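Please read it beside the sequence and the coordinates.

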Amino acid sequence: MKGKNMASWIWYHGDFAIYQAMKQNFDREERGMNWPAYWYTSGWNHNVYFWKEFQFDHAQTFSTIIQGKGYGKLINLEDSQETKFILGSQMTCPAGHFRIEIYVGNLSGLPCAFIEGKEIYSDHSWKASNFLGDDVIAGTSQFFTNSKQNPMHFEYSHKIQNAKRIEIVNGGTLLDFGHDLTAKTMIQFFEQFQTMVLCYGESRTEALDVADAYLKHEIRMHDDPDGSYDESTKTFTTKLRAFRYIYVPDISSLDDIGTIFVNFEFVKFPKIGAFESHDSKLNQIWRVSDRTLRLCSGIFFIDGIKRDRWVWAGDAFQCFYMNRYDFFDKEIVERTVLGLRGELDIKQHLDTIVDYSMYWLISIELYYETFADKTFVEAVYPKMKQLIDFSLEATDKLGFIHERKGDWIYIDWADFDHEGALCAEQMVLARALQSVIKISKLLNQDAQEYEATYQRLRVNIDKYFWDEGKQAYIDSYESGKRHVTRHANIFAILFDYVDEKRTQTIVKKVLRNPLIATINTPYFKFWELEALAKVGSYQDVLDTIKAYWGGMLDNGATTFWEYFDPKEKGAARYAMYGDKYGKSLCHAWGASPIYLIGRYLVGLRPTQAGYKTFEIEPQLSLLGDFNAKFPLSEKGDYVSLESKNKYLLIQATKKGGTLLVQDKQITIPTDHQLKLSFNDLY
């Protein structure tokens, strides 16, 4: 973490994330093919300058290092005289009132600068300009505070790991590393290099399928594009891949050849969020959820570690919620927000998906509610406004949003009636408008036009999509099919678009109706269970977590999957997108029990931005004996509670907390642990 007067690399705000997002979204491999993301790729600025004003009563020295080409300029603000200077050597700023400008151009990479001196040093107080529009705050990162670093190369943590189990199968060697990893495979040969084939798999079935494994590598000593051989150590190192298993066909013993191990690559996020109860299955679900989220968290929240490895806004949006109850990292949220949105001018919906753009807009409100950082919100507001305006251009006279050429209205992997405007999409558009309105008001921006658009949309959603006969929202009013799915009805409850009477009707007619198609993605199970929690059905939430995510565990999962249908058996469990190994078995949105347990079963939520005040309402009778600890800030603040033998112990490291049990409101202490008897609480 940065200390006082510690210099940081600086760049134009958002450019680091945009640059790294391009690298991330070009990092996909399938059966020997490289597969860059199939949407418009936003670029970063290649020519910028940084500036800051200083006033000293004695001279100050500093030095500047850049990535790219450029020069410095010293401007005396008292007489307007300018002095250009060469970068890379020590420079002296005389006493007086001066403005220092650092110009950097980088044709193929990220233009950035590192300025170091006792009083003159680069940090977030500098401004950046791309020679267009208003200047912005310079971007920084806690990971780049050393002049010898290069922000174009993100520095990961590494851990050497050996296989948990090795077995001989079909005349070959199968290595099981216990769960999915993102790692480089390393083969240290005892004598001389030997050609071999490595077949990777998230499942045992995939790894053993030599003919059709998704990721396979026939290693070569020389001229291997996917690895390199060090003759001095007799070690071959492959490119980075994600897998649980490695199968080496036709080699039934490694004893005479060498050893295979892996270099696990990850970002070391802190261990803050924790949960443990008397229920071993629930504990395992928490641990596997945490593992899944951490594996899908690096520079960005990505969707899955093996297949896409792309930054998808829907997965990321749910990760923002999970992050609150696990490692509470602010920078990964900022990087993901900025990397997804890209440059100011918007040309296409995020990941081509209309609803993903809506989630991005809502995420800015969520960000402020979580971290209370108004400076960041101000910096992204112009991009927020351009995105909502771009979205509204595709609405009809009723205010309903439609697909344009190249757009994808997704919502979920479900059988929707897509003829005409889709109800669920209108729901998320309305909710996105609410976020734009709230952020606009926070920043003292005019929101009247958005408010009028929102009010009209809300009226028309009810007018055209509510079916009185079915007592539910239908997918499409234009097709005449009056088809009902769960999704729009879930959103209606989550977004508070229905009153108590209609809420209970939806719960009965839709959410508890076995004739309405079930949801099989963890992605939308997240929202369905949150809707049930909002109406107080905590037992249903707990039972479903144990049945659905527990069902994946019963099917051998050690990380959670992209999609789970308990009716699928055998190799069919791993198929998706017409590919027999296309399903991601370590998928970010599969980690949602972290949020559902933290937010609803243990019951922590902020009641003012940045957890200035917060409430915790644990479902004590439901959970039984348990321990929980959840973060309250990026500075390491937390609240901990323990339920044991009909007593509750609770304490927080910051003020503002309130414990809610039944109709009681109890201040959570910060200077001691409060012990409460259940007899006094109920």
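Which residues in α12 are buried? P522, Y523, F524, K525, F526, W527, E528, L529, E530, A531, L532 and A533 are. Buried means under 20% relative accessible area, exposed means over 50%, and partly exposed lies in between, with a 1.4 Å probe and protein chains only.

This is a predicted model, where local features need pLDDT of at least 70, side-chain atom pairs count only at pLDDT 80 or more, and totals for chains, interfaces and linings use all residues. Residues are numbered from 1 along each chain as its sequence is written, and side-chain values use heavy atoms, leaving out hydrogens and water.

Helices (H or I, at least four residues) and strands (E, at least two) are DSSP runs, numbered from the N terminus. Helix α12 spans residues 522–534. Its 13 residues reach 18 Å from first C-alpha to last, close to the expected 18 Å. The expected span is 1.5 Å times one less than the number of residues. Twelve of the 13 residues are buried, so α12 is largely enclosed by the rest of the structure. The cover over its buried residues includes α4 (313–324), α6 (354–371), α10 (486–494), α11 (500–511), α13 (538–554) and α14 (593–601). Contact here means heavy atoms within 4.5 Å. Just after α12, G536 takes a positive phi of about 90 degrees.

Helix α13 has 17 residues, which should span 24 Å at 1.5 Å a residue; its end C-alpha atoms are 23 Å apart, in agreement. Its buried residues are V541, L542, I545, Y548, W549, G550, G551, M552 and L553. Covering them are elements including α3 (280–295), α12, α14 and α15 (620–623). G556 follows α13, with a positive phi near 95 degrees.

**The α6 and α8 crossing**

Two packed helices are described by the angle between their axes and the distance between the axes. The axes of α6 and helix α8 (residues 423–442) come within 8 Å and cross at roughly 35 degrees. Axes are lines fitted to C-alpha atoms, for helices over the stretch in contact, with angles from 0 to 180 degrees between N-to-C directions. The crossing is left-handed: the near helix is turned anticlockwise from the far one by less than a right angle. Among the contact residues are V354, M358 and Y368 of α6 and E425, V428 and L442 of α8.

**Aromatic rings**

The structure holds 74 aromatic pairs. Rings of Phe, Tyr and Trp (its six-membered ring) pair if their centres lie within 6.5 Å; planes under 30 degrees apart count as stacked, over 60 as edge-to-face and the rest as tilted. Two edge-to-face pairs are tabulated.

| Pair | Centre to centre | Angle between planes |
|---|---|---|
| Y38 and W39 | 5.4 Å | 75 degrees |
| W466 and Y473 | 4.9 Å | 70 degrees |

Y38 is partly exposed at 43%, whereas W39 is buried at 11%. W466 is buried at 10%, and Y473 is buried at 0%.

Charges also sit over rings. The charged end of R28 is over the ring of W310, 4.6 Å from its centre. K629 lies over the face of Y638, at 4.3 Å from the ring centre. The criterion is NZ of Lys or CZ of Arg within 6 Å of the ring centre and within 35 degrees of the ring normal.

F131 has phi near 75 degrees. It sits in the loop between β11 (127–129) and β12 (136–139), partly exposed at 42%. N170 has phi near 55 degrees. N170 lies in the loop between β14 (165–169) and β15 (172–189), exposed at 68%.
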